[in-house]
Amino acid sequence: MRDRLLAAEKVNAIDWRDGVLHLLDQRALPFEETWLAYADADAVAEAIRLMVVRGAPAIGISAAYGLAMAVRQRLAQGDDWEMALEEDFDVLFNSRPTGANLFWALNRMRERLLRVKEGDDVAAIMEAEAIAIHDSDREANLTMAQLGAELIRKHQGNEQALLTHCNTGALATGGFGTALGVVRAAYLEGMVERVYADETRPWLQGSRLTAWELAKDGIPVTVNVDSAAAHLMKTKGITWVVVGADRIAANGDVANKIGTYQLAVNAMHHGVRFMVVASSSSIDMNLESGEDILLEERSASELLAVGGVPVGADVEAVNPVFDVTPADLIDVIVTEKGIVERPDTVKMAQLMCRKRLH
Ligand code: MRU
């Protein structure tokens, strides 16, 4: 399966070339495929804020490359470079608040920095660490794709209809995707008849990005408005909801794109299984429950206008971009360390003690 997934790889959104980060501008997709170059930490942080790059794992990987560029530049400035580097850490840490991977990747970069020895080529070491973060995310996704597909087979067999939310594919990660990686693997194994993609207001990650990725792979995809999900569960024989995660708390509560929580409530009502796919870099064992997760809110203008054209009355609007799904609504969390069925604090702690499976 791993080789078949590798052979099917078509989309890439992060390219590290000649010491510069190149990002596929996700704001312009699917109409334009524009690559933009980012040469320092400030620019990378801005790209994250503006959603040129998005999806928790892709944000973490980009930040690691941003930090690697900052190390090289600060070193060239001479003494006190480590103090100056703290500004780069800060600007990257503050680029987006909810996804755990950003913090995980920057902390991993800091730990590597603390281990450099006299005479080491620090810039080369930090660049290699960023590349390792990128590669390990891709590897984790390959492992999770196989684990998730096995679950889908075990619990429903062939000819299934899956529903997914937001974009969790190659665009959102270091490659293949988390939830969308599972969808891809299940399709390659002949289990998927159709994928329903919530359009995912207001940024339309579903209709612009997920639909684009799946169509490129020839996977049958139908886009629906977010509010159609319950109706589709009732009428279209949906067997699984498969989503990603931005941050998972120690008790298994999951923060993900706004709308995920209502999908889980609806899935439970309709007897549809609910799978969360995320690597262990999305798990934050410092947070007891989802109550402690900081949820990003973005500007009201994202709701009240589309492409700069007003689509609503000129009133207040609230735009929370993530919500928390309680662990007791989740059938299974799939990670590269293994799966956790009916997650809780004990099972999550046991998972985190395990090694990666591959
Ligand atoms: O606001 P976005 O597009 O960055 O939100 C992305 C999501 O919510 C994804 O579901 C999540 O990051 C998991 S992606 C592998």
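Tutor: Let us begin with a definition: two residues are in contact when they have heavy atoms within 4.5 Å. Please keep in mind that this is a predicted model.

Student: With which residues is R96 in contact, leaving aside its neighbours within four places in sequence?

Tutor: R96 is in contact with I48, M51, R54, I59, L102, F103, E296, R298, V321 and F322. R96 itself lies in the loop between α4 (81–93) and α5 (100–114).

Student: Is R96 buried or exposed?

Tutor: Buried means under 20% relative accessible area. R96 has a relative accessible area of 7%, so R96 is buried. Its side chain also forms a polar contact of 2.9 Å with the side chain of E296.

Student: Which residues does UniProt list under "binding site"?

Tutor: Such annotations may be inferred rather than shown by experiment. The unreviewed UniProt entry lists R54, G55, A56, R96, Q205, N256 and K257 as "binding site". Of these residues, R54, G55, A56, R96, Q205, N256 and K257 are included in the lining of the largest cavity.

Student: Where is N256 placed, and what does N256 touch?

Tutor: N256 belongs to strand β9 (residues 254–257). Residues up to four places away in sequence are not counted here; N256 then touches V243, G244, A245, D246, V321, F322 and D323. The relative accessible area of N256 is 4%, and therefore N256 is buried. The side chain of N256 also reaches the backbone oxygen of G244, at 3.4 Å.

Student: In which sense do strands β5 and β6 pair?

Tutor: Strands pair if at least two bridges are found between them. Strand β5 (residues 192–198) and strand β6 (residues 221–224) have four bridges and pair in the parallel sense. As one example, Y196 has T222 in β6 as its bridge partner. Together with helix α8 (residues 205–216), β5 and β6 make a right-handed β-α-β unit.

Student: Where does T168 lie, and is T168 buried or exposed?

Tutor: T168 lies in the loop between β4 (160–164) and α7 (179–188). Its relative accessibility is 8%, so T168 counts as buried.

Student: Which residues does T168 touch, again not counting residues up to four places away in sequence?

Tutor: T168 touches T173, G177, T178, A179, L180, T210 and G244. For L180, the backbone nitrogen lies 3.0 Å from a polar atom of the T168 side chain.

Terms used:
Residues numbered from 1 in each chain as written. Predicted model: local features only at pLDDT ≥ 70, side-chain atom pairs only at ≥ 80, totals over all residues. Heavy atoms only, no water. 1 Å grid on protein atoms, 1.4 Å probe; cavity = no way out; pocket = protein on both sides within 12 Å on 5 of 7 lines; lining within 4 Å. Helix = DSSP H or I, 4+ residues; strand = E, 2+ residues; numbered from the N terminus. Buried < 20%, exposed > 50% of the residue type's maximum accessible area, 1.4 Å probe, protein only. Polar contact = N/O pair within 3.5 Å; in protein donor to acceptor, adjacent residues only side chain to side chain. Right-handed = clockwise from strand over helix to strand, strands pointing away.
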